[in-house]
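Hi,

Here is the structure I promised to pass on.

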Amino acid sequence: MYRDTTCGELRTGDAGKSVTLAGWVQRVRKMGGMTFIDLRDRYGITQIVFSDDNNAELASDASHLGREYVIQVHGTVAERQSKNPKLPTGDIEVIADSLKILNRSEIPPFTIEEDTDGGDDLRMKYRYMDLRRPNLRRNLELRHRMAFEIRRYLDANGFLEIETPILVKSTPEGARDFIVPSRMNPGEFYALPQSPQLFKQLLMVSGYDRYFQIAKCFRDEDLRADRQPEFTQIDCEMSFVEQEDVIDMFEGLVKHIFKYVKGIDFTEPFPRMTWQDAMEKYGSDKPDLRFGMEFNDLTDLAKGHGFPVADGSELVVGIAVPGCAGYSRKQTDELIDFVKRPQVGASGLMWVKYEADGKVKSSVGKFYSDDDLKAWGERAGAKEGDLLLVMAGDAMKTRKQLCELRLEMGNRLGIRDKNVFAPLWVIDFPLFEWDEETQRYYAMHHPFTSPNPEDIPLLHSDTGKVRATAYDIVVNGTELGGGSIRIHDAKLQDTMFELLGFTPERAREQFGFLMNAFKYGAPPHGGLALGFDRFVSILAGLDSIRDVIAFPKNNSGRDVMNESPSPIDPAQLDELQLELCPKSEK
C-alpha cells in the first residue's frame, strides 16, 4: 500500500506515531529553513513539514514541488505549535523523513479550492480536477449516503429494487426521446427511457407489489439549472393502494431523509394544496412557501375607473411586499425592467406605496383616488410601510408573470433561506391540458394517470374540468417529485387514449404490450418518482443539480470534457444503414 493513513484522520492523540501518507500537493509554503506542504486526499488535508535542520536535501526537494503533484510522504506525527482551527487535522502536523514523487502535474487551469477562480466552462472541461475540490466531494458523498439510506428505508418497507431496460420502444408523448439505431434491425430504433413508467406498471401486473429503482432517465429537452439530458430518479410503484397510501409512504421517506441528513424532524403532516389554489395564490404549481406574499385578486376594484390596462384585462392581481414603501424611483424602475425581460414577458407593472404617515403614492394615481388605492391595500393585506405590486392581463399568463416577480422579491429581501425547508403536497391537478396550436388535449402527466373517480362522468361532457388522481411533492419552490394512481381498467384506458386523440391502431402500436397485460388481471396501483439529483441539491443548498452529478452536461447538452456529442465514423453509419442530411441553417 502507498499509505497507511489518510490525510483527514490524524489528531493530537496520534502524536509520536510513524505514518505514511499519499495525496496531492494543495500548496507549498517556504518560511526560512522550513517548507510546509498541505497534502490533500479525498478525506482531508494534513500539513507536512520539511526542515533544513532535519534533512536539508529533503527540504530542498520539497520546496520544488508543484501544485497537484502526487506524492508519498513518511514521517512522524507531532502536535502543532500554531494550530489551525479551520481544519479537522489542524492541531497536528507530520514531520517528514522521506518523500517520493509519484507523479508530476502541469500547472492546473484553476485553483483546486472551495472558492475556485475557475469559471463554469473551464471547470466543466477539466471536471476530473474540479471533482478534487472539497465542496464537490461533499456533494458526491452526500449523494452516496442518501442513496444508501433511501435503499435501507424502502427495503425496510418491503420494496424490491428491480432494474428495467435502458433500450426501450419510443413512445413520443411528452418530452422528446433520445433515439438509438439498431444495427441488427436496420431502419428500426430503440429509445432511451424518459422514465421506467410502463415497465413498473408491468411489474405490478406481475405481482411485485412494491418496486423501486434508483433509475437513469433521459429526456431530449431544453436545459436549465435543474435539468440535465440524463438524470436520476427514485422510481417507485405500489399495488393495492390509493392516493393516501402512496402519499403516506413517501412523505415518510422524505421526512426520514431530512432527519438523517439535516437533523430536521418534521412531526406534522406536510400541508396540502390543490393545483387550483396554488395557481390562484402563487401563480405556480410548485409554490415556495418559505415566505408569504400571496396573490390578491383586485379585478373588481381596479375596473371601471377609466384605466385602459385594467379595463381591458381578464385579471388584475397584486402582492403586498412588506417594508418596501421606501423604494426609490430607481428601484421601482428596476422592477418594471425585470418584468419586461423576455423570460417574464410582461408589458408593465403598477405599484402603490403605503407610506408610514398614511400617505399613498402610486404609478396609477392619475386614475384612482387615495381611497380607491387604500381599498386595494386592504384587500391585499398591505400595511403602512408596504409596497403593493400589481399586474394585469390574461389570467393564467399574468399569474405566472407575478410568480416570477414574487420570487424575485423574495430573493431581494433575503427571505428564501436555503436552511429553511417548506415542503407541501400539490394535489388535484387537471387530468388534461388544452393546446391551442394543435387543437387537442394532452395528458398533463402521462396517459396512464387515473382520473379522480368523482370526475369520470365528466370525461366526455366537460373534459377540461376532470381532475387527476395525481400529486406532486414540492420543497422550496422546486418540484421534488410526483406521481399518480394509474388506470388499471382496460376500458377506462381506451377512453383515455380516445380523448388524447389516439386511434385504436396507434394506441396498440405504441402501448399494445401494456394494454394486453391489463387483460390478465392488473391490480389497482400507483406510484411516485422523486428527482434524486434535485433532492441532493436541495439538501446541499445548491441552485443547480449540476454540482451533485459527477460528470454533467452544460446548458447546450454537451460534455465539454469528452467533447460529446460528436460526429461518428462514416463506417458506423454504413453499418447502421443511415445517411445524414445536410445541416439546416438556423
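Helix 1 (residues 52–63) comes up short: for its 12 residues a straight helix would reach 16 Å at 1.5 Å a residue, but the end C-alpha atoms are only 11 Å apart. The expected span here is 1.5 Å times one less than the number of residues. Helices (H or I, at least four residues) and strands (E, at least two) are DSSP runs, numbered from the N terminus.

Before going further, the caveats: this is a predicted model, where local features need pLDDT of at least 70 and side-chain atom pairs count only at pLDDT 80 or more, while totals for chains, interfaces and linings use all residues. Residues are numbered from 1 along each chain as its sequence is written, and side-chain values use heavy atoms, with hydrogens and water left out.

Back to helix 1. Leu58, Ala59, Ala62 and Ser63 are buried there (under 20% relative accessible area, with a 1.4 Å probe and protein chains only). These residues sit on the same side of helix 1, because they cover an arc of only 145° around the axis, taken from the directions from the helix axis to the C-beta atoms. Their cover includes strand 1 (18–31), strand 2 (34–41), strand 3 (44–51) and strand 5 (92–103).

Eight strands form an open sheet in the order 6-9-10-22-21-20-17-11, with mixed pairing (two strands pair if DSSP finds at least two bridges between them). Strand 6 (160–161) and strand 11 (272–274) are at the edges with a single partner strand each, so one side of each has no neighbour in the sheet. Strand 10 (residues 230–239) runs antiparallel to strand 22 (residues 525–531) over seven bridges, and Asp235 has Ala529 of strand 22 as its bridge partner.

Then the packing. Beyond its neighbours within four places in sequence, Phe250 is in contact with Leu154, Phe159, Cys236, Met238 and Leu528 (heavy atoms within 4.5 Å).

Cheers

Notes:
Buried < 20%, exposed > 50% of the residue type's maximum accessible area, 1.4 Å probe, protein only.
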